Amino acid sequence: MIVQQHLIFILYSLCASVFKVAGTKSKAKGSQGQFPITQNVTVVEGGTANMTCRVDYNDNTSLQWSNPAQQTLFFGDKKALRDHRIELVRASWQELTIRISDVSLSDEGQYTCSLFTMPVKTTKAFLTVLGVPGRPEITGFTKPATEGDVITLTCTTSGSKPAANIRWFRNDKEVQAGTKEVNATGKSFTVRSSVQFQVDKRDDGVAYTCSVEHVSLSNPYMTTEVLEVHYAPHLEITHSLIIPQEGQYFKLECISIGNPIPEPVLWSKDGGELPDTERMIVEGRELTITTLNKTDNGTYRCEASNDLGTSSAEYILFVYAKDFPGPTTDPNALGQHGPDHALIGGVVAVVVFITLCLIIVLGRYLARHKGTYLTHEAKGAEDAPDADTAIINAEGNHVHAEEKKEYFI
């Protein structure tokens, strides 16, 4: 049926051309030298394409649009192909415009506009159809992962034309993809991209995003996978007072991180159970002493575990007298909460050593000057028979020394 319609239109156009050539030879000469004008069209799959063919001068010669299979779509304002997606927009002696709706990849190709002069003049227009990539999917991850596992995330998108581009982000920072694979499926492409890494506790809750970019998209398509990583617990103890003093309210809190969350938290003191006193209250991760006194001194320990391990933290409590002014830092904290005693001991040793050296040097200096003083005092008394004579001789030396004078004239 379609072939018959096509032949009818061709015969009709040839007959019309013969009559027009015979009746209007002078006018025909003006259109013999021109060709129809068309433009290439690019459209996104599912969109609408307008195909326009124009001539500047026409002596009532018909225009025709044909598809890549050389099937006539429209001959002038007459529709030749039964396709509800194709409709006429404008038909005149100088223009023939048709519209193709819901364009598919199969519509892509070279379309022909024909001007039925003698001979027939044709011009080509290429219709490019962009395949829209499908929403990406991330595979390869089964929740939860365990710290130390090596996992591979694969992002897949299909239906793109040309092939889409895939980028990976760890939270907001782009990461380099490990592998990329592009496969043709008919006229479209399937693209896969993978990243591989070893997870640790820092990856728990991290979002890995696959971003698909394509010329048919105004904004990239994105899919995100949030990691869940199980890891062993880690505990720390915080406290409410820098300088615990008698009579004060005091609270210790055991801060635990881990996945799964470490439960329960167990408190102990000096390696044993907590004292049975109303002043000590345990509420989950918190240990509260309502009124401190000296009997509360000791090492407090909290412990918690999950399926991957057990962790603990300690705090050494020393309660000061009520009127104690206290140091500027907490002397009770253990580990990261207190001073480095080895460092302090080293500094004290250096100070003591320097002090001893200074004392020795000063002693020798004083001893040397005292000996010189005694030597001068005893000068001239070495031959004295007794102490009195020695003193007299020593004093005499001073006397004689004073008597020695020089006169200048």
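## Strands, salt bridges and a surface patch

Strand S10 (residues 137-139) and strand S12 (residues 150-160) run antiparallel, joined by 3 bridges. This is a predicted model. Within this pairing, Glu137 stands opposite Thr156 in S12.

S12 has another partner. It is joined to strand S16 (residues 188-198) by 10 bridges, and these two strands also run antiparallel. Here, Ser160 has Phe189 in S16 as its bridge partner.

**Salt bridges**

Side chains of opposite charge can pair when their charged atoms come close. How many salt bridges does a search of the whole structure find? The count is 17. The table shows some of them.

| Pair | Closest N to O distance |
|---|---|
| Glu108 and Lys161 | 2.6 Å |
| Arg202 and Asp200 | 2.7 Å |

Take Glu108 and Lys161, with their closest N and O atoms 2.6 Å apart.

Glu181 has a relative accessible area of 39%, so it counts as partly exposed. Arg192 is partly exposed too, because its relative accessible area is 32%.

Arg202 forms its salt bridge with Asp200. Why is Arg202 called exposed? Its relative accessible area is 65%, and the cut-off for exposed is over 50%.

Salt bridges can also link up. Arg54, Arg90 and Glu95 are joined in a network of them.

**A nonpolar patch**

Now turn to the surface. Which residues form a nonpolar patch there? They are Val348, Val352, Leu356 and Ile359. Together they have about 360 Å² of accessible area. One of them, Val348, is found in helix H3 (residues 341-377). Val348 has 46% relative accessibility, so it counts as partly exposed. That value falls between the limits, since buried means under 20% and exposed means over 50%.

Technical notes:
Residues numbered from 1 in each chain as written. Predicted model: local features only at pLDDT ≥ 70, side-chain atom pairs only at ≥ 80, totals over all residues. Heavy atoms only, no water. Patch = residues over 30% accessible without salt bridge, like charges linked within 9 Å, V, L, I, M, F, W, Y side chains within 5 Å. Areas by Shrake-Rupley, 256 points an atom, 1.4 Å probe, with all protein chains shown as cover. Salt bridge = Lys/Arg side-chain N within 4 Å of Asp/Glu carboxyl O. Helix = DSSP H or I, 4+ residues; strand = E, 2+ residues; numbered from the N terminus. Buried < 20%, exposed > 50% of the residue type's maximum accessible area, 1.4 Å probe, protein only. Pairing = 2+ DSSP bridges.
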